[in-house]
Amino acid sequence: MIKVRASLRPLVSKINLPTVLKTTILPGDSIERLFIATQVGEIFYIGNGVIKTFLDIRSRIIKLGVSSGGYDERGLVGLAFHPEFYYNGLFYLHYSVAGTQGPGALPGAFESFKPNPCDSKTLNLKWINREIQYDHIDTVEEWILQSNGQPQKRRTLLHIRRPFLNHNGVNSLNFSPETGKLVLTTGDGGSGYDPFNLSQDDMEIAGKIIEIDVVKNTFIVNPPVVTRFNELPVPIQETLTVIAKGVRNIPGISFQRFHDQYIKYAGNVGQDLVESIFSFIQYKPIPVTQLVQAFLMKSEPDQEGFINFGWRGWEGAFPTAIITGCSANPALDEKTIAYFDEAVKTSVRRLQPLTNYFHKDPRPDKFGATALTGVQPYMGNEIPALTGNVVFTDLARAKESQLPVRGVLAYTTVRTDCHLNDFSIIETDYNFGSQSAYYVSLGANLNQSRLYLGVYGSMKVADFNQGTVFEIVP
């Protein structure tokens, strides 16, 4: 793959951590504006070089960074504009609700769980007492931009109880240009290693890619708080279909037009080994009513054409491993397959990734990964070497000796033979000086001819006003 150089052009700085970057045309307007959602609950847009507030829901968002030393994955994580937003003013939000803080589903720090292959109890944990043992509640809402220019909430689509503070997805709401439905991407609920195997359980909302038919109005004003599909009222079940399972944590889904169909891209954030990007064209979503029916009949739903990313048995193209230091040789690691039986069970059902990139990579032209934070196809022609390719971002180059921290931009290509492909780093020349630069989000405009990068100067959401949004330019 050829080496690509690009520049970063700052558009706005000193904002809070940007979780979603996308453009739309406001009703009555004539040009696309870049909208920026921040994790703490603000939505801005840039018009004529001026940054304006579109909506501020900070008072509705759970208090961030308190329980985990400033780091947090909750907050405003999803924003999507209806395809007819220009005419109907509808848009959708996914966020963690203020005042819903719980103790968490397991004792100890939120990422402290590790399976022990020698102790079967740790391999088959169950999430019990869910009404009490949870971390927070997420909501998915429909809002409308009223004719007076003020946004107003219209209805709640889902209330989801989450076991841990991490893996809530980011850029988690996007509309499918194929079906016209709202796509919600949920992480596996958090901690590490998906302790309750929620991602493979057909009844669990966690660890899935879900389509919501927003045209159907359920007339349920305040939906119940649930964790499983079978707990939802039937009218809500009837609005939902599931595209994929086996998701660990996911920075959204994106769509690339290819002749008369769409290639879907979804990243899966890794555990200890590898970050993965998946692509698929054909899929067969399963209506939630059908999944619930199969569950009640104790039968297996038809999984043909149903996408499975393989987690928690698989991390990308690899069986999920626990990495421990070798006591005899500290320079080496021992890697143990954590969930061998699950890896076997899901081996033929899972989708192979398009590309994997590693937390440790000995190759000189690669980098050590931390976490995938965005995946976007680029259909512009200003950076010809990237045209038609898939650009992705990683939070930070892993454990390099030189500080401050730097995120990474890279790209890959879909191969016609569907085999695993390699990737290449995109070199950028922006000088961040002594400031850390975590690459936290990636976005595109409506026709994917422009790419936007969100950068933050700290890993802690509670360190305010350290964000910059760039356009990626030649």
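In this predicted model, E142 touches L90, F91, Y92, K153, R154, R155 and V214, leaving aside residues up to four places away in sequence. E142 has its place in strand 8, which spans residues 136-145.

**Surroundings of E142**
- E142 has a relative accessible area of 1% and therefore counts as buried, the cut-off being under 20%.
- Two of the residues that E142 touches also meet its side chain through polar contacts: the side chain of Y92 at 2.6 Å, and the side chain of R155 at 2.8 Å.

- Strand 2 (residues 18-24) is mostly covered, with seven of its seven residues buried.

**Helix 4**
- In helix 4 (residues 288-296), the buried residues are V288, L291, V292 and A294; because they cover an arc of only 160° around the axis, they lie on the same side of the helix.
- These buried residues pack against helix 3 (234-237), strand 14 (240-245) and strand 18 (286-287).
- After helix 4 comes K298, which has a positive phi, near 55°.

**Annotated span**
- An unreviewed UniProt entry carries the annotation "domain: Glucose/Sorbosone dehydrogenase" for residues 33-275.
- In the model, the end C-alpha atoms of residues 33-275 lie 31 Å apart, and the span is 5% helix and 37% strand.

Methods. Residues are numbered from 1 along each chain as its sequence is written. This is a predicted model: local features need pLDDT of at least 70, side-chain atom pairs count only at pLDDT 80 or more; totals for chains, interfaces and linings use all residues. Side-chain values use heavy atoms; hydrogens and water are left out. Buried means under 20% relative accessible area, exposed over 50%, partly exposed in between (1.4 Å probe, protein chains only). Helices (H or I, at least four residues) and strands (E, at least two) are DSSP runs, numbered from the N terminus. The arc is that of the directions from the helix axis to the C-beta atoms. Contact means heavy atoms within 4.5 Å. UniProt positions are given in the numbering used here, feature names are shortened, and annotations may be inferred rather than shown by experiment. A polar contact is a pair of N or O atoms within 3.5 Å; within protein, one must be able to donate a hydrogen and the other to accept it, and residues adjacent in sequence count only if both atoms are side-chain atoms.
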